[in-house]
Amino acid sequence: MMTSSNDEFQVAGAAEPAIDIRDLRVIRGKRVALDDITVRIARGTITGLLGPSGCGKTTLIRCVVGTQITAGGTVTVLGRPAGSAELRHRVGYVTQAATIYHDLRVIDNVRYFAALYGTGAQAADEAVAAVGLEDHRTALCANLSGGQRTRASLACALVSRPDLLVLDEPTVGLDPVLRVDLWEQFRTLADHGTTLLVSSHVMDEADHCGDLLLMRDGRLLTHTTPTKLREDTGCQSLEQAFLSVITHSTAAASPAAG
């Protein structure tokens with residue numbers, strides 16, 4: 001049975017983690033959406049938040065960016081309480097739906113966000129180039145493909161030059177080539193010091209991440225790495241490894257297991 005590596009990560013990330021979540025609990029309606037989540041995420045890493053649809057990934061992300069009402073616990077981001085005014089220019093957030101104005105050109109969308117963040121036209125040009133949309137900078141966003149709209153949204157988040165970039169299932173619906181290209185861009189950002197938290201329900205994307213948070217039914221099953229997950233489960237397929245974690249956690253939680 002694999003063991004959680006939370007303690008290892010807490011020691012490794014003890015020197016000022018990018019995200020520090022303690023005893024987090026969220027109630028939505030009458031349902032527990034997040035149940036006692038505690039985790040620390042080190043700076044400069046790509047952390048994959050993985051699990052099936054409806055497991056609580058988006059709710060956890062909303063807690064990190066400070067838009068979710070919580071029932072208990074704390075969320076500290078870059079040394080400040082999540083949602084603090086000081087974090088507005090330091091945290092980029094890309095939602096599942098493209099956050100762009102369809103009646104504006106790509107460059108106009110990015111310049112608009114640059115003006116909000118106070119970073120200027122040069123930052124807008126750099127953000128457009130970073131997501132590979134230089135050839136489409138004057139295209140109306142209404143005329144873009146789904147993948148291009150995702151890139152435009154990413155450019156709008158990058159224009160603030162964030163220390164932390166949070167992406168909620170950014171590769172959903174994209175073809176394999178575009179997915180690989182986006183992950184290469186994420187790696188470049190991490191290499192330059194940006195911390196990334198990326199959610200996905202596609203387990204084969206886990207290999208692009210340095211750290212993994214595996215979730216199910218509002219609970220954090222484990223904080224690990226792709227290599228350690230394979231070692232602990234004996235599965236080469238990350239999807240099979242995740243299923244093994246679920247099987248063991250379910251067995252451990254059953255009355256008979258006690």
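**Ground rules.** Since the model is predicted, I take local features only at pLDDT of at least 70 and side-chain atom pairs only at pLDDT 80 or more, while totals for chains, interfaces and linings use all residues. Residues are numbered from 1 along each chain as its sequence is written, and side-chain values use heavy atoms, with hydrogens and water left out.

**Cores.** I looked up the nonpolar cores, meaning sets of buried Ala, Val, Leu, Ile, Met, Phe, Trp, Tyr and Cys residues joined through side-chain atoms within 4.5 Å. Buried is under 20% relative accessible area, exposed is over 50%, and partly exposed is in between (1.4 Å probe, protein chains only). The largest core has 48 residues, and Leu154, Val159, Leu165, Phe186 and Leu196 have the most contacts inside it. There is also a second, separate core of 27 residues, with Ile19, Ile37, Val39 and Leu213 among them.

I then picked Leu165 and checked its contacts (heavy atoms within 4.5 Å). Ignoring neighbours within four places in sequence, Leu165 touches Gly92, Tyr93 and Val94, among others. Its list also includes Leu154, Leu189 and Leu196.

**Rings.** How many aromatic pairs does the structure hold? I get three. Rings of Phe, Tyr and Trp (its six-membered ring) pair if their centres lie within 6.5 Å; planes under 30 degrees apart are stacked, over 60 edge-to-face, and the rest tilted.

Tyr101 and Tyr112 are edge-to-face, at 5.6 Å centre to centre with 85 degrees between the planes. Tyr101 sits in the loop between strand S6 (91-94) and helix H3 (106-117) and Tyr112 in helix H3, so this pair ties together parts 11 residues apart in sequence. For the element labels, helices (H or I, at least four residues) and strands (E, at least two) are DSSP runs numbered from the N terminus.

Tyr112 also pairs edge-to-face with Phe113, at 5.4 Å and 80 degrees. Buried or exposed? I find Tyr101 partly exposed at 41% and Tyr112 partly exposed at 37%, whereas Phe113 is buried at 17%.

**Positive phi.** I noted Leu78, which is not a glycine but has a positive phi of about 50 degrees. Leu78 lies in the loop between strand S4 (72-77) and strand S5 (80-81), and is buried at 6% relative accessibility.

Glu169 is another non-glycine with a positive phi, about 45 degrees. Glu169 is in the loop between strand S7 (164-168) and helix H6 (176-191), and counts as buried at 10%.
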